[in-house]
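Hi everyone, thanks for making time for this.

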Amino acid sequence: MFEQERKPLPDVAILQQNSEEGNRQHQRNKDEWGQRGWDKLNDVCLWFKEQGVEGLPCKVD
């Protein structure tokens with residue numbers, strides 16, 4: 001149904017240079033990855049709701 005998306009890993013340059021901007025970009029990448037995961041979970045929740053399951057705390061946009 002859904003493909004698993006791996007958590008973003010820091011770029012080698014970030015690790016070598018200890019770049020503050022690189023660290024911030026990596027954190028944004030992880031935040032976006034996490035949000036996509038929650039969005040997919042909500043899609044599954046909405047699918048169950050469409051199937052007639054009641055009482056689920058799905059987010060409706």
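Of the 61 residues in this protein, 10% count as buried. Please keep in mind as I talk that this is a predicted model.

Let's stay with the overall picture for a moment. If you follow the C-alpha trace along its principal axes, the spans are about 55 × 20 × 15 Å. As for surface, the protein exposes about 5,400 Å², and 52% of that is supplied by carbon and sulfur atoms.

What about secondary structure: how many helices and how many strands are there? The protein has two helices and zero strands. The helix I'd like you to look at is α2, which covers residues 20-50. On contacts, take the ones between residues at least 6 apart in sequence: 33% of these join residues at least 24 apart.

The structure holds one disulfide. Which residues form it? That would be C45 and C58, with their sulfur atoms 1.9 Å apart. The link between C45 and C58 is left-handed, with -90° about the S-S bond. This pair ties together distant parts of the chain, since C45 sits in helix α2 and C58 in the segment after α2, 13 residues apart.

Are these two cysteines buried or exposed? C45 has a relative accessibility of 15%, so it counts as buried. C58 has a relative accessible area of 12%, so C58 is buried too. The cut-off behind both calls is under 20%.

While we're in this region, have a look at N42, which also has its place in helix α2. N42 has a relative accessible area of 15%, so it is buried. And what does N42 touch, if we leave out residues up to four places away in sequence? The answer is C58 and K59.

W47, F48 and V53 make a nonpolar surface patch of about 270 Å². One of these, W47, lies in helix α2. W47 has a relative accessible area of 40%, so it is partly exposed, because that class runs between the 20% limit for buried and the 50% limit for exposed.

Terms used
Residues are numbered from 1 along each chain as its sequence is written. This is a predicted model: local features need pLDDT of at least 70, side-chain atom pairs count only at pLDDT 80 or more; totals for chains, interfaces and linings use all residues. Side-chain values use heavy atoms; hydrogens and water are left out. Patches are made of residues with over 30% relative accessible area and no salt bridge: like charges are joined within 9 Å, nonpolar side chains (Val, Leu, Ile, Met, Phe, Trp, Tyr) within 5 Å. Accessible areas come from the Shrake-Rupley method with a 1.4 Å probe; for residues, only the protein chains shown count as cover. A salt bridge is a side-chain nitrogen of Lys or Arg within 4 Å of a carboxyl oxygen of Asp or Glu. Helices (H or I, at least four residues) and strands (E, at least two) are DSSP runs, numbered from the N terminus. Buried means under 20% relative accessible area, exposed over 50%, partly exposed in between (1.4 Å probe, protein chains only). A disulfide is a pair of cysteine sulfur atoms within 2.5 Å. Contact means heavy atoms within 4.5 Å.
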